[in-house]
Amino acid sequence: MKSGSNLEKVLEAGHFAVTAELGPPAGSDVEYVRKKAELLRGAVDAVNVTDNQTAVVRMSSAAVSALLVQMGIEPVMQMVCRDRNRIAMQSDILGAVALGIRNLTCLTGDHQGFGNQAGAKKVYDLDSVQLVSAARRMRDEHRLLGSEEDLLGQVPLFIGAAANPFAKPYEFRALRLAKKAEAGADYVQTQCVFDVAMFAEWMKAVRDLGVTKKCRILAGVIPLKSAGMTRYMVENVPGVIIPEEIQKRMADAPKGKGSEVGLAICAEIIQQLRAIEGVSGIHIMAIEWEQKVRQIVETARLLPRPQVA
Amino acid sequence: MVKATRKPLEQIVEMVKGYQRVLVVGCGGCSSVCLAGGQRETQELAQDLLEHARSAKVPRQCDTLVVERQCNPELLQEAEEQARNADCIISMACGAGAGLMADAFPTTPVVPGLDTMFIGVDRDVGYYEERCRSCGTCMLGDTGGICPVTRCSKGVLNGPCGGTKEDGSCELAGGIHCAWHDIHERLKGQGRLDKLLIVRPPMEWVDRGPRVLVQKGYEERYAKK
């Protein structure tokens, strides 16, 4: 065991893993975090805590992850490269481990131009591949980047990254994931899948590169809430491909039934993803819709979640 | 070359407020080439300042001068006499030139007339694109001549990130190309995609205050300085 995290144990035991996302509050409201977290308790194996997603300032992912640890809910702390240099990131990783955090997803991070602090100075001192590599070095060699001094204490972390099969250049996307696996990613959580055929093709390339032998793939899913949200994603979210058939189903949904249709589509996609060789789990990104996660997992017949000692 | 652009007039007016005799010094180097601080632009700014002074009913006298380059102390000597008679100097050079001007005439306020933008290339007349961040670690040899430090909006060294759009542009608005998409296409065309499979380690930034460069062959000459 690298970290002894529940997520690692579930995957190692060969179960189909389920993670979901929790967006921290734009404020200091702890009750908000607790309420959202309770919606996910027992429904998933671990909860991803996003790190100032879309570059909008929110409660820090480390703090929210620590709150989850206190509640007995396992967090996956997300860490983006946008805001901190290598000193701060390595320091925050040590702090996170001290607070009981055992899963770390390393991401490049949305550009600051998207958020509510557009005048911020970007950092990107490390990129996501280098951050994975730094975390792996801390865990396996007990050393910081460029240092030969031993760290005090262990750094038991299950190290993850993201992957997007749906962004150009398509032919390079599996290779880029291979680089992340080589750098030390134990798992990846992918961009949301709507085009299952395209995802399956990418998975084949990923398998052929031998990536699935060392790195677990959790396929991302987003339940669509409405035709409006579907349109918004098609038009505004880069790196997301929603096939026309799904767009049409959402557009044709009777008034007030959009979310029902969206949840049904999500369940279908999960079933299709489970059938793809090398897919070890799903990652549910129910954006500000955490109350639907349990239903999604239940419909997918993935409840109850396994208890692995 | 360095690319710069004139500051808004109101900003310049604010900086020279209270100074009657203003000397506007153009630069025959980069800022002249990019149509920001050469002969024509220097005179234009002087005209604008005089017109403004007339309408604001403040006394103002504007002299102009263009030196060959403002980034060399010897070439600044040419401005000495006029500078002595000025209450304030407006430099129409890049930030480096304006700074050297301020060093050369330390008792006279020197203010920038330009905003220095970047090291770039000419796309067309009056149209420039950033191409170099002078990081001191040129990796163009491995990236098909496309700089990820400069042209990737996140400066990632192991790209592309997940934000490349369908048309090969960056997730950021404005239609800029995804540098890593372009790097991939170019290396593919050259049969050198293997270059992209290497995990590039973190950059060793040399970020320890202002850098000094002594060219090979000149080390001894400056050993004592």
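1. A residue counts as buried if 20 or more other C-beta atoms lie within 10 Å of its own, as exposed if 12 or fewer do, and as partly exposed in between, with the C-beta atoms placed from the backbone. Strands (E, at least two residues) and helices (H or I, at least four) are DSSP runs, numbered from the N terminus. This is a predicted model, in which local features need pLDDT of at least 70 and side-chain atom pairs count only at pLDDT 80 or more, while totals for chains, interfaces and linings use all residues. Residues are numbered from 1 along each chain as its sequence is written, and chains are lettered from A and ligands numbered from 1 in the order in which they are written.

2. Chain A as a whole holds twelve helices and eight strands, and buried residues make up 52% of its 309 residues. Its radius of gyration, taken over C-alpha atoms, is 19 Å, which agrees with the value near 19 Å for a compact globule of 309 residues under the rule of 2.2 Å times the number of residues to the power 0.38. Along its principal axes, the C-alpha trace of chain A spans about 60 × 45 × 45 Å.

3. Strand E7 of chain A (residues 216–221) is mostly covered, since six of its six residues are buried. A:Arg216, A:Leu218 and A:Gly220 point one way from this strand, whereas A:Ile217, A:Ala219 and A:Val221 point the other way. Two strands are said to pair if DSSP finds at least two bridges between them. E7(A) pairs in the parallel sense with strand E6 (residues 187–192) of chain A over four bridges, and A:Ile217 is there the bridge partner of A:Val188. E7(A) also pairs in the parallel sense with strand E8 (residues 279–284) of chain A, over five bridges, where A:Ala219 has A:Ile282 as its bridge partner.

4. Helices H10 (residues 244–252) and H11 (residues 258–274) of chain A have axes that come within 8 Å and cross at roughly 150°. Axes here are lines fitted to C-alpha atoms, for helices over the stretch in contact, and angles run from 0 to 180 degrees between N-to-C directions. Angles under 35 degrees count as roughly parallel, over 145 as roughly antiparallel, 65 to 115 as roughly perpendicular and the rest as oblique, and H10(A) and H11(A) are therefore roughly antiparallel to each other.

5. In chain B, strand E2 (residues 21–27) is largely enclosed by the rest of the structure, because six of its seven residues are buried. E2(B) pairs in the parallel sense with strand E3 (residues 61–67) of chain B over seven bridges, with B:Cys62 as the bridge partner of B:Val22. E2(B) pairs in the parallel sense with strand E4 (residues 88–91) of chain B as well, over four bridges, and B:Val25 stands opposite B:Ser91.

6. Chain B also has an open sheet of three strands in the order E1-E6-E7, with antiparallel pairing. Its edge strands are E1 (2–6) and E7 (127–132) of chain B, each of which pairs on one side only. E1(B) and strand E6 (residues 114–124) of chain B pair over five bridges, and B:Asp115 is the bridge partner of B:Thr5.

7. The contact between the chains takes 22 residues from chain B and 25 residues from chain A, where two residues are in contact if their C-beta atoms, placed from the backbone, lie within 7 Å.
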